[in-house]
Amino acid sequence: MEVQPTRMNLINLAKRCKLAEKGLSLLEMKRNALMTEFFSHLDRAKEVGEELNEMLQTGYTDLATAQMIHGIIDLKALSLGAGPLRKVDIETKNIMGVVVPSISSVYEVEVSMTDVIHGSTPLDRVRRDFEKLSDILLKYGEINETLRRLSNEINKTKRKTKALENIVIPRLILQQKLIRMHFEEMEREDFFRLKMVKRKKMKR
């Protein structure tokens, strides 16, 4: 048995359509805000990437200098026990509903290579270079993971936006149109019946 649409159906569809349009507007705002955050972090990633390349060049130049002074064997021997102990804290922060990492590092013990037997200023410079390098690597990893998560959320938001814009809202509008057409057809039939009744009465 076919269920006939009612005025209440039309009212409910209109409410759902308004709700979907409001949801679409909010999703578009969220997508734009996420993209702003994404490009901001992308610029930062480029800066940190350049800093990382510079630090790698500096670190390996200083390492080559220390190797020339001490030799590869002594350098390896000194590196075994001279490194600082590091504590890495990984927390999270929220960007527009996206949970992203926040990484920080702490040196629990600072060791100067000039205080170690056979140590030297070039070795101390190498230590500082690679301490800084490890900090930059942590920051680079944090930014890239943030970019990955923001990108995933942007893609999800785009899919939801397209579904509302191209499927849900047009379907609700079409359903409303079909129900209105049904009511218009009913009104025409009622008008025609009333006319027929009136003619019959006049004939009598």
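This is a short tour of a predicted model, from the whole chain down to one residue.

**Whole chain.** Three helices and two strands make up its secondary structure. Read from the N terminus, the order is α-α-β-β-α. Of the 204 residues, 26% are buried.

**Confidence.** Next, color by pLDDT. The chain mean is 84, and 86% of residues score 70 or more. Select residues 7–70. This is helix 1, where confidence is highest, with a mean of 93. Then select residues 72–82. Here is helix 2, where confidence is lowest, with a mean of 72.

**Contacts along the chain.** Return to the whole chain and display contacts. Take those between residues at least 6 apart in sequence: 75% of them link residues at least 24 apart.

**Helix 3 and Gln176.** Move to residues 121–203, which form helix 3. Within helix 3, pick Gln176. Is Gln176 buried or exposed? Its relative accessibility is 8%. The cut-off for buried is under 20%, so Gln176 counts as buried.

What does Gln176 touch, once neighbours within four places in sequence are set aside? Show Leu10, Leu13, Ala14 and Cys17: Gln176 is in contact with each of these. Now bring back residues 7–70, the span of helix 1.

Note on methods
Residues numbered from 1 in each chain as written. Predicted model: local features only at pLDDT ≥ 70, side-chain atom pairs only at ≥ 80, totals over all residues. Heavy atoms only, no water. pLDDT = per-residue confidence, 0-100. Helix = DSSP H or I, 4+ residues; strand = E, 2+ residues; numbered from the N terminus. Buried < 20%, exposed > 50% of the residue type's maximum accessible area, 1.4 Å probe, protein only. Contact = heavy atoms within 4.5 Å.
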